[in-house]
Amino acid sequence: MCGIVGYIGQREVVPMLLDGLETLAYRGYDSAGVVVVRDGELEAVKAEGKLEQLVEKLKGESLVGSHGLGHTRWATHGAPSERNAHPITDSKRRLALIHNGIIENFLPLKKRLIEEGWEFTSDTDTEVVANLIGSYLKHDLKAATQQAIAELEGMYAFAAVSTVSGDAEIVAARKGPPLVIGLGDGECFLASDPAALLAYTKNVVFLENGDLCRLTAAGAKIWDRDGREVERQTVRLTWDPIQAEKGGFKHFMLKEIHEQPQAIQDTFAGRVDFETNTIGFDNFALTSEEAARIERVQILACGTSWHSGLVGKFMIEELARIPVDVDYGSEYRYRDPVVGEGVLALGISQSGETADTLSAMEAASDRGAQLLAICNVPGSQATRISEGVIYTHAGPEIGVASTKAFTTQLTALFLLALYLRQQRGLPIEPQQLSELAKLPHAIADIMDTEAELEELARRYARFEDFLYLGRGINYPIALEGALKLKEISYSHAEGYPAGEMKHGPIALIDESFPVVAIATGSRVFEKVCSNMQEVKARDGVVIAVTDRPAEELSEVADEVIQVPRSSDLLQPLVNVIPLQLFAYFVAVRRGADVDQPRNLAKSVTVE
Ligand code: F6R
């Protein structure tokens with residue numbers, strides 16, 4: 001959803017901006033641009049397409065200045081083109097602006113500005129913001145920005161530089177999409193995601209909604225929505241910059257798949273006491289009375305995080321005996337949900353910045369629910385609006401397709417389910433924890449079968465349609481397997497509850513429509529085998545994921561992917577791994593851009 005980066009200080013500006021943009025490229029890659037301010041002049045270079053196009057174009061330029069901004073775009077208003085690429089200047093070319101978000105009242109504002117004589121050369125809503133600030137700009141960029149944002153409706157994060165500023169400065173504002181300031185020694189940074197700043201500083205300040213800030217080399221000043229100067233807490237990031245690099249892997253996605261054993265371990269380490277069989281968290285605690293008062297858990301999430309919520313429902317209902325609903329963030333806020341005290345609203349988000357999830361969380365909280373977040377990004381909005389947070393310790397996830405964030409969310413959900421169980425006076429069985437401890441090894445073992453999965457993907461990469469089937473707790477894994485395949489390889493894939501196939505989708509089955517069936521665990525194994533039989537009887541092709549010996553499936557499956565056995569509640573974490581790898585290798589085989597699939601962005605910060 002567009003990446004923003006800004007720098008002011010003694011370093012060479014453009015290399016820093018490009019480096020930051022490279023990390024943020026997952027947020028959008030339709031076009032990119034940079035601007036620097038040199039001797040009171042704005043110098044900008046923009047290019048349609050990926051960041052490499054901009055880098056190529058910059059080779060012929062000598063862009064130097066005291067401070068500057070960089071942007072990578074995911075188009076909302078106006079097609080991807082150089083004309084619509086950011087930075088966008090006002091028509092007097094006294095300021096340049098980069099923006100992430102949507103200005104909802106851009107049409108009436110544009111009409112008014114045109115009447116006032118301002119010109120528009122792009123199709124973006126961003127140009128409205130640039131001209132609006134321009135219309136108020138005399139000598140003080142911060143004051144003009146403050147006046148302009150009072151008139152803006154919608155969600156935005158933007159940053160501006162100007163030629164009228166006496167001292168070098170960057171002014172930025174946030175309402176909705178994230179913005180984080182990085183503090184250095186005699187320098188200041190700005191970015192949409194702290195991952196872009198890791199190589200430069202670990203001291204960051206997250207802007208709150210409604211904040212406006214002014215950055216100079218000496219530091220940052222922040223004003224809240226009422227115009228009062230405020231101090232925001234400086235957060236020390238614990239992420240390692242190396243984690244935001246590919247580390248020898250061809251793609252971030254493959255690297256992140258491989259990081260899962262460690263990430264899962266990092267997520268349960270320190271929270272489980274294997275001697276006393278107890279669970280505890282740093283940023284979330286309930287007394288037994290509070291736990292007893294929870295009547296219902298409402299999980300709110302989008303995409304892959306929503307899939308993890310579906311698995312979490314099984315975990316929490318079985319272990320803590322609390323009923324759980326799972327809602328899409330985008331659906332929840334536009335109906336009239338029954339919420340109130342007694343509801344624990346649980347937002348699940350890798351980024352902590354997904355607009356739909358955040359709005360749903362706010363809606364639940366407004367109606368009296370207690371708010372808890374499972375989140376990967378420290379200090380992100382989801383963590384700030386919640387009363388409690390369970391962090392997933394996945395480290396930065398750069399590949400657009402979520403992998404390690406998903407399995408660490410499942411780990412956190414399992415811990416939460418056990419914690420609720422414990423606080424409601426039910427014992428945690430040692431075996432539940434020992435199975436958790438074994439998971440990293442089990443998953444590492446699947447990585448050893450990577451070559452076989454690559455070969456399988458080679459054989460199936462030409463198919464255009466796939467059906468993924470799972471039952472019970474593995475139905476969400478069928479959804480997730482299908483989502484991974486479709487989003488990165490552009491093959492059509494549908495996830496379905498295996499038992500439902502006969503109520504419709506079975507009509508699609510023929511030899512050109514492979515079915516990936518998850519047949520693990522004790523509860524529904526035979527049932528899924530019957531469903532595979534139904535596919536075979538219609539000349540379908542079956543790829544089975546199983547924890548049983550391959551011979552047991554010889555009648556019903558054409559291909560068998562074997563996975564280690566875990567407990568029924570943890571088996572989804574194992575089963576999803578070969579599906580991630582299969583999707584990855586199919587996508588590579590089809591020549592798709594795995595880390596930056598078309599039309600997608602990693603953090604969806606607009607509604
Ligand atoms: C798919 C994927 C998306 C995200 C969704 C929510 O691979 O990554 O479906 O899961 O956009 O994002 P977060 O978890 O950041 O709220």
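Select arginine 321 to start: this residue lies in the loop between helix 9 and strand 19. Helices (H or I, at least four residues) and strands (E, at least two) are DSSP runs, numbered from the N terminus. Arginine 321 has a positive phi of about 55° although it is not a glycine.

The model is predicted: local features need pLDDT of at least 70, side-chain atom pairs count only at pLDDT 80 or more, and totals for chains, interfaces and linings use all residues. Residues are numbered from 1 along each chain as its sequence is written, and side-chain values use heavy atoms, with hydrogens and water left out.

Next, select strand 19 (324-328) and strand 22 (388-391), the edge strands, each of which pairs on one side only. Two strands pair if DSSP finds at least two bridges between them. The open sheet has five strands in the order 19-18-20-21-22, and the pairing is parallel. From one strand to the next the twist averages 20°; axes here are lines fitted to C-alpha atoms, for helices over the stretch in contact, and angles run from 0 to 180 degrees between N-to-C directions.

Inside that order, pick strand 18 (residues 296-301) and strand 20 (residues 343-349), which are joined by five bridges and run parallel. Arginine 296 can be found opposite valine 343 in strand 20.

**The ligand**

Which residues are closest to the ligand? Select Ser305, Ser349, Ser351, Thr354 and Glu487, the closest of the 14 residues that surround the ligand. A residue is near a molecule or strand if one of its heavy atoms lies within 4 Å of it.

Now look at the polar contacts (pairs of N or O atoms within 3.5 Å; within protein, one must be able to donate a hydrogen and the other to accept it, and residues adjacent in sequence count only if both atoms are side-chain atoms). A polar side-chain atom of threonine 354 is 2.4 Å from an oxygen atom of the ligand. For serine 351, a polar side-chain atom lies 2.6 Å from a ligand oxygen atom. In glutamine 350, a polar backbone atom is 2.7 Å from an oxygen atom of the ligand. The ligand taken alone exposes 410 Å², and the protein buries 89% of that; accessible areas come from the Shrake-Rupley method with a 1.4 Å probe, and for residues only the protein chains shown count as cover.

Select helix 9 (303-320) and helix 16 (475-489): these are the elements that give two or more residues to the shell around the ligand. Domain 2 (252-447) and domain 3 (450-589) each supply at least three residues to that shell.

**The domains**

Colour the chain by its domain assignment: domain 1 (3-242), domain 2 (252-447) and domain 3 (450-589). These bounds come from an automatic or database domain assignment. The centres of domain 1 and domain 3, taken over C-alpha atoms, are 45 Å apart.

**Hairpins and a cis bond**

Move to strand 12 (residues 212-216) and strand 13 (residues 219-223), which run antiparallel and are joined by five bridges. The hairpin between strand 12 and strand 13 passes through two residues. Leucine 212 has tryptophan 223 in strand 13 as its bridge partner.

Strand 13 is also joined to strand 14 (residues 229-230) by two bridges, and these two run antiparallel. Isoleucine 222 stands opposite valine 230 in strand 14. Their hairpin has five residues between the strands, where glycine 227 takes a positive phi near 85°.

Last, select histidine 86 and proline 87, which are joined by a cis peptide bond with omega about 0°. Proline 87 is in the loop between strand 4 (67-73) and strand 5 (88-89).
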